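Biologist: Please take a close look at one helix of this chain and its surroundings. Which residues does the helix bury, and what covers them?

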Amino acid sequence: MCNVFETLRIFFDQGRLKGGTRSYLTDYTARMSRTTEEAPKSTRLSSTLRRRELVEHATRILNEQGLEALHVTALAQRAGVSRPLVYRVFPTREDLFKAVLEDFVRDMMERFQRGLVKVLPGTVA
């Protein structure tokens with residue numbers, strides 16, 4: 001059975017995810033930044049908010065610089081946190097990449113459901 005995350009990683013590596021997917025990722029990054037900016041600033045975030053923030057920054061790195069630039073050190077610098085904190089949330093780079101893709105897929109599915117309800121009234125979301 002083919003792993004979806006592995007397939008998407010291969011597509012990113014080969015440069016096959018361009019055009020609509022790339023623009024969707026840019027749109028997704030812009031929407032994610034708006035939600036984080038609206039959150040109140042505090043010195044200590046809950047684990048859920050911290051994870052969301054790290055995934056958002058990882059998505060931006062992935063979108064702007066590609067998979068090769070998605071490293072724990074770069075993510076920690078961009079998020080303004082320590083590398084050990086990133087490793088506590090995502091023990092491996094693969095876990096980080098999976099979290100980004102899971103978030104991306106979850107958002108796509110939500111958008112698909114909303115679009116389906118608009119096209120086919122009476123569809124249960």
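Modeller: From the N terminus on, the elements run α-α-α-α-α-α. That comes to six helices and zero strands. The model is predicted. The protein chain has 125 residues, and 33% of them are buried. Take contacts between residues at least 6 apart in sequence: 60% of these join residues at least 24 apart.

Now to α4, which spans 72–79. Its buried residues are Val72, Leu75, Ala76 and Ala79. Seen down the axis of α4, these residues fall within an arc of 100°, so they line one face of the helix. The cover over them includes α3, α5 (83–89) and α6.

Next, the partner α3. The axes of α3 and α4 cross at roughly 115° and come within 10 Å. The crossing is right-handed. On the α3 side, the contact is made by Glu53, Leu54, His57, Ala58, Arg60, Ile61 and Glu64. On the α4 side, Ala74, Leu75, Arg78 and Ala79 take part. By class, this contact has six nonpolar, four charged and one polar residue.

Leu75 also belongs to the largest nonpolar core. That core has 20 residues. Leu75 is listed with Leu54, Leu70 and Val86 as having the most contacts inside the core. Three helices, α3 (47–65), α4 and α6 (93–119), each supply at least two of the core residues.

Val100 lies in α6. Val100 is buried, with a relative accessible area of 2%; the cut-off for buried is under 20%. With residues up to four places away in sequence left out, Val100 touches Val55, Ala58, Thr59 and Leu62. Thr59 and Val100 are 41 residues apart along the chain, yet their C-alpha atoms are separated by 6.2 Å.

Methods
Residues are numbered from 1 along each chain as its sequence is written. This is a predicted model: local features need pLDDT of at least 70, side-chain atom pairs count only at pLDDT 80 or more; totals for chains, interfaces and linings use all residues. Side-chain values use heavy atoms; hydrogens and water are left out. A nonpolar core is a set of buried Ala, Val, Leu, Ile, Met, Phe, Trp, Tyr and Cys residues joined through side-chain atoms within 4.5 Å. Buried means under 20% relative accessible area, exposed over 50%, partly exposed in between (1.4 Å probe, protein chains only). Helices (H or I, at least four residues) and strands (E, at least two) are DSSP runs, numbered from the N terminus. Axes are lines fitted to C-alpha atoms, for helices over the stretch in contact, and angles run from 0 to 180 degrees between N-to-C directions. A crossing is left-handed if the near helix is turned anticlockwise from the far one by less than a right angle, and right-handed if clockwise. Contact means heavy atoms within 4.5 Å. Ala, Val, Leu, Ile, Met, Phe, Trp, Tyr, Cys and Pro count as nonpolar, Asp, Glu, Lys and Arg as charged, and the others, Gly among them, as polar. The arc is that of the directions from the helix axis to the C-beta atoms.
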